[in-house]
Amino acid sequence: MKRALPRMALVPLSILVICCSTVPITGRRQFTIIPESQMMAMADQQYAEFMKANPRSANQAQVRMVRNVGERLRAAVERYMAEQDRSSDLKNFAWEFNLVESKDVNAWAMPGGKIVFYTGILPLTRDETGIAVVMGHEIAHVIARHGNERMTQALVAQMGGMALAQALKDRPEQTQKLWLGAFGLGAQVGILLPYSRLHEKEADRLGMIFMAMAGYNPEAAVEFWGRMAEMNKGGVMPEFLSTHPSDATRIRLLKELLPEAKGYYRP
């Protein structure tokens with residue numbers, strides 16, 4: 001009896017070859033079918049719409065702190081990528097670090113360096129180093145192109161590997177929901193695509209390294225995620241944890257990752 005081919009088999013071989021790349025530092029090979037130029041174009045549009053619809057924080061001290069941390073991490077990441085001869089990976093990035101007024105405990109990032117913090121997460125970050133933990137984690141998702149991987153998986157699973165441009169043309173509403181879900185905005189449309197354990201572990205590892213490169217003590221990552229875990233135990237599920245598992249296993253893995261991260265730490 002002939003066995004049906006998996007839907008991924010519908011993706012042309014040329015795309016499979018062209019879109020295999022490696023994640024910085026970890027060296028993991030990844031598969032994506034969406035050109036980064038398209039990812040950034042959609043990110044710019046969705047980000048602009050979000051910022052128009054949501055109030056920016058009026059607390060200028062907090063705004064400056066978030067942006068200062070973002071700029072320090074951006075400089076560290078760009079310096080590292082240049083040293084690895086991978087500056088082209090950041091081509092056309094237009095970094096932005098914004099703080100919006102919301103009680104939600106959340107933060108997210110989009111392709112091209114668009115990072116948003118909600119004021120509700122600041123009591124948990126507590127200080128600049130705590131912000132660097134979250135900032136490093138979100139920048140790691142961007143640098144590792146996890147959003148592209150999630151969109152690729154969704155397009156393959158739900159649309160048979162249809163190209164993004166074609167999906168936007170033929171199924172705009174469904175594609176819009178996939179996009180918003182892939183970047184943590186899915187609560188608005190009733191769908192949320194969780195990061196895989198692989199992506200989360202990779203973002204934890206890269207995030208600790210990036211914050212260490214920027215001069216922040218990576219030990220703060222263990223403390224921050226410990227606070228998030230305690231909040232979760234109290235029966236309050238922060239939006240930030242809806243796709244970010246936080247438990248004893250995560251804390252243990254963070255502690256295991258500390259020695260590597262400390263190797264990049266330059267206070």
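Two strands are taken to pair if DSSP finds at least two bridges between them. Helices (H or I, at least four residues) and strands (E, at least two) are DSSP runs, numbered from the N terminus. The model is predicted, so to speak of local features a pLDDT of at least 70 is needed, side-chain atom pairs count only at pLDDT 80 or more, and totals for chains, interfaces and linings use all residues. Residues are numbered from 1 along each chain as its sequence is written, and side-chain values use heavy atoms, with hydrogens and water left out.

Strand 3 and strand 5 (residues 114-118) run parallel to each other, joined over five bridges. Within this pair, Phe 97 faces Ile 115 of strand 5. The open sheet has three strands in the order 3-5-4, with mixed pairing. Strand 3 (96-100) and strand 4 (107-110) are at the edges with a single partner strand each, so one side of each has no neighbour in the sheet. From one strand to the next, the twist averages 15 degrees.

Helix 3 (residues 60-83) lies across strand 3 and strand 5, at about 155 degrees to strand 3. Axes here are lines fitted to C-alpha atoms, for helices over the stretch in contact (heavy atoms within 4.5 Å), and angles run from 0 to 180 degrees between N-to-C directions.

Asp 85, in the loop between helix 3 and strand 3, has a positive phi of about 60 degrees although it is not a glycine. Asp 85 counts as exposed at 69% relative accessibility. Arg 145, in the loop between helix 5 (128-143) and helix 6 (146-159), is likewise not a glycine and has a positive phi of about 55 degrees. Arg 145 is partly exposed, at 25%; buried means under 20% relative accessible area, exposed over 50%, and partly exposed in between (1.4 Å probe, protein chains only).
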